[in-house]
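Please read this note with the model open beside you. Take the points in order and find each residue as you go.

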Amino acid sequence: MEQRFSGKVAFVTGAASGIGRATAERLAAEGASVLCTDVQAGLLEETLSSITQAGGTAAALESNVTDYGSVLDAIDQCVDKFGDLNVVCNVAGVGAFVRTEDETPEHWNKVIDVNLTGTFNVSRAALAHLLQKKGNNIVNVASTAGMMGQAYSAAYCASKWGVVGLTKAMAVEFGKQGLRVNAVAPGGVNTAILGGFMPPEGADQKLLDRLMLVERMSDPAEIAEGIAYLGCDAARSVNGSVLSIDGGIAAA
């Protein structure tokens, strides 16, 4: 495997499972020292073990992206341990299908807090380190739900459209300082989060069919590959972009 991240330090949220774990493993396999964070401490240790057994360099730290103090501490510990910070991957996310009339303030706030505010918290906390040298970057995980309307997904769509907007806003604001900010937009991915995306009772199947352009779910490793591309120096001219990895769903 190419060593595009040799000598670089990466910070990955949501690293206990799914896309986050696949991203941490991919960057470590390509030479990065990776600080893996998540709220699921037990599963996070499995990610760490997977990386170290494969010969990679990593550390794991329980951290909650919705708590700015927790995030700031995690960023500081990453720099203290590895001496630098070059790539931040905002992967932590939650979601579910919910009829808008059944949406609760508590669930709405949780989705926005994790997906959007969490992405901002990590990006904001990392800025002081990322801006110290040109070529550093942030890769966010958006979604097809951040590029098109999706029924039964008011909170999830709002959060992911917010991630796209945040990505583009930061790309413009910090581009001249040499910081790139991009995002990937997956469609259906075979991860644990899919359990929440069960159609509500009586759902209109025609509204869901537009999400079924392809029958095959993506593997987390495919999304991690896109993240690795955006985070490496080969993408030095890519800034403010949203890379769709969805089999063409958002194009239909």
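1. **What the model is.** This is a predicted model: local features need pLDDT of at least 70, side-chain atom pairs count only at pLDDT 80 or more, and totals for chains, interfaces and linings use all residues. Residues are numbered from 1 along each chain as its sequence is written, and side-chain values use heavy atoms, with hydrogens and water left out.

2. **Cysteines.** How many disulfides does a search of the whole structure find? The search finds zero. A disulfide here is a pair of cysteine sulfur atoms within 2.5 Å. Cys89 is in no disulfide, and its nearest cysteine sulfur, that of Cys36, is 10 Å away. Cys232 is in no disulfide either; for Cys232 the nearest cysteine sulfur belongs to Cys89, 11 Å away. Are these two residues buried or exposed? Cys89 counts as buried because its relative accessibility is 1%. Cys232 also has 1% relative accessibility, so it counts as buried. The cut-offs are these: buried means under 20% relative accessible area, exposed over 50%, and partly exposed in between (1.4 Å probe, protein chains only).

3. **Helices H3 and H4.** Helices (H or I, at least four residues) and strands (E, at least two) are DSSP runs, numbered from the N terminus. H3 covers residues 68-82 and H4 covers residues 105-130. Their axes come within 9 Å and cross at roughly 35°. Axes are lines fitted to C-alpha atoms, for helices over the stretch in contact, and angles run from 0 to 180 degrees between N-to-C directions. The crossing of H3 and H4 is right-handed.

4. **Where H3 and H4 meet.** Which residues of H3 take part? They are Tyr68, Val71, Leu72, Ile75, Asp76 and Val79. From H4 come Asn121, Val122, Arg124, Ala125, Ala126 and His129. Contact means heavy atoms within 4.5 Å. By class, this contact has eight nonpolar, two polar and two charged residues. Ala, Val, Leu, Ile, Met, Phe, Trp, Tyr, Cys and Pro count as nonpolar, Asp, Glu, Lys and Arg as charged, and the others, Gly among them, as polar.

5. **His129.** His129 lies in helix H4. Its relative accessible area is 18%, so His129 is buried. Leaving out residues up to four places away in sequence, His129 touches Ile75, Asp76, Val79, Leu85 and Asn136.

6. **Helix H7.** H7 has 12 residues, 220-231. At 1.5 Å a residue, H7 should span 16 Å, and its end C-alpha atoms are 16 Å apart, which agrees. The expected span is 1.5 Å times one less than the number of residues. Pro220, Ile223, Ala224, Gly226, Ile227, Ala228, Leu230 and Gly231 are the buried residues of H7. What do they pack against? Their partners are helix H1 (18-29) and strands E4 (87-90), E5 (137-141), E6 (180-186) and E7 (242-245).

7. **Leu61.** Leu61 is found in strand E3, residues 57-62. At 19% relative accessibility, Leu61 counts as buried. Setting aside neighbours within four places in sequence, Leu61 is in contact with Leu35, Cys36, Thr37, Asp38, Leu44, Ala74 and Gln77.

8. **Asn64.** Asn64 sits in the loop between E3 and H3. Asn64 is partly exposed, at 32% relative accessibility. Not counting residues up to four places away in sequence, Asn64 touches Val39, Ser70 and Val71.

9. **Trp108.** Trp108 has its place in helix H4. With a relative accessible area of 33%, Trp108 is partly exposed. Trp108 touches Glu103, Ala154, Ala155 and Ala158, not counting residues up to four places away in sequence.

10. **Tyr152.** Where is Tyr152? Tyr152 is in the loop between E5 and helix H5 (154-174). Its phi is near 60°, a positive value in a residue other than glycine. Most residues other than glycine have a negative phi. Tyr152 is buried, with a relative accessible area of 11%.

Technical notes
Left-handed = near helix turned anticlockwise from the far one by under 90°.
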